[in-house]
Amino acid sequence: MFVRRERPGDEAVVHAVHAAAFRRPDQADEPVEARLADELRATGAAIRQLSLVAVVDGGVVGHVVCSRGWVGNQGDDIDAADDGAHPALGLGPLGVLPEHHNQGVGQALMHAVLGAADAQDEQIVALLGAPAYYGRFGFEPSHRYAVQPHDPAWGEHFQVRPLTTYDPSLRGTFRYAAPFAEL
């Protein structure tokens with residue numbers, strides 16, 4: 001397995017990865033994560049350098065993407081830098097084909113995207129996900145860093161991971177890129 005940047009021509013297979021990874025037996029509709037990956041790319045919200053795929057035997061088996069988020073004291077409708085908001089990253093979706101679960105694909109994608117984000121001097125990465133899984137990558141409940149989710153119901157599932165250039169004065173409410181709110 002190796003990890004590389006997503007490139008033109010990967011769109012359909014990335015969509016298929018998320019559709020398979022998040023499909024539920026009782027769900028008739030396409031998983032929101034598959035549409036989210038498409039919308040992040042289509043709107044330019046996905047950060048190209050932080051949209052990565054895992055490849056096994058020449059085929060894409062996993063994908064992760066980060067998009068620009070903001071931390072600050074913004075109103076509910078903010079989705080860009082405004083009134084002193086600071087750039088941050090929103091991670092997700094992260095998906096792996098079910099037949100490749102428990103083979104280190106998700107772990108490899110997480111290490112690669114966090115390393116790439118750190119190399120780009122990003123300060124903090126936020127996500128909504130399972131604390132038991134993401135805790136192993138250094139994510140902690142966001143309140144420990146004075147970063148709040150825009151939806152308090154997310155509770156402990158909203159987590160952040162500070163990177164090398166993290167400044168503790170970065171605090172406030174986190175806002176994902178617009179496509180997150182539109183789905």
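In the predicted model, helix H2 gives the most to the lining of the largest cavity, with three residues. This cavity has a volume of about 30 Å³, and the structure holds one cavity of 30 Å³ or more. Its lining consists of Glu6, Ala37, Leu40, Arg41, Ala46, Ser51, His63 and Val65. H2, S2 and S3 each supply at least two residues of that lining. Sorted by class, the lining residues comprise four nonpolar, two polar and two charged residues.

Helix H2 itself spans residues 32-42, and Ala34, Leu36, Ala37 and Leu40 are buried within it. Seen down the helix axis, the buried residues of H2 fall within an arc of 160 degrees, so they line one face of the helix. The cover over these buried residues includes helix H1 (11-22), strand S2 (46-56), S3, strand S4 (86-96) and helix H5 (178-182). Just after H2, Gly44 adopts a positive phi of about 80 degrees.

Gly44 also belongs to the lining of the second largest pocket, together with Glu6, Arg7, Pro8, Glu11, Arg41, Ala46, Arg48 and Ser51. The volume of this pocket is about 170 Å³. Strand S2 gives the most to the pocket lining, with three residues. By class, two nonpolar, two polar and five charged residues form the lining of the pocket.

The interior of the model was examined next. In soluble globular proteins, nonpolar side chains tend to be buried together. The largest nonpolar core has 30 residues, and those with the most contacts inside it are Leu91, Leu109, Met110, Val113 and Phe139. The elements that give two or more residues to this core are H1, S2, S3, S4, helix H3 (105-119) and strand S5 (124-128). Apart from this core lies another, of 13 residues, among them Ala88, Tyr145, Val160 and Leu170.

With residues up to four places away in sequence left out, Val113 touches Leu50, Leu52, Val64, Cys66 and Leu91. Leu52 lies in strand S2, and because its relative accessibility is 6%, Leu52 counts as buried. Leaving aside neighbours within four places in sequence, Leu52 is in contact with Val3, Arg4, Arg5, Glu6, Gly62, His63, Val64, Leu109, Ala112 and Val113. Leu52 and Ala112 are 60 residues apart in sequence, whereas their C-alpha atoms are 8.0 Å apart in space.

Backbone geometry was considered last. Most residues other than glycine have a negative phi, and most peptide bonds are trans. Against this background, a cis peptide bond joins Gly92 and Pro93, with omega at about 5 degrees. Pro93 is found in strand S4. A positive phi, near 50 degrees, occurs at Asp57, a residue other than glycine. Asp57 is located in the loop between S2 and S3 and counts as exposed, at 82% relative accessibility. Asn102, likewise a residue other than glycine, has a positive phi near 60 degrees. The position of Asn102 is in the loop between S4 and H3, and Asn102 is exposed, with a relative accessible area of 84%.

Conventions. Residues numbered from 1 in each chain as written. Predicted model: local features only at pLDDT ≥ 70, side-chain atom pairs only at ≥ 80, totals over all residues. Heavy atoms only, no water. Buried < 20%, exposed > 50% of the residue type's maximum accessible area, 1.4 Å probe, protein only. Helix = DSSP H or I, 4+ residues; strand = E, 2+ residues; numbered from the N terminus. Arc of directions from axis to C-beta. Contact = heavy atoms within 4.5 Å. Core = buried A, V, L, I, M, F, W, Y, C linked by side-chain atoms within 4.5 Å. 1 Å grid on protein atoms, 1.4 Å probe; cavity = no way out; pocket = protein on both sides within 12 Å on 5 of 7 lines; lining within 4 Å. Points joined across faces, edges and corners; volume = space filled by probe spheres on them. Nonpolar A, V, L, I, M, F, W, Y, C, P; charged D, E, K, R; others polar.
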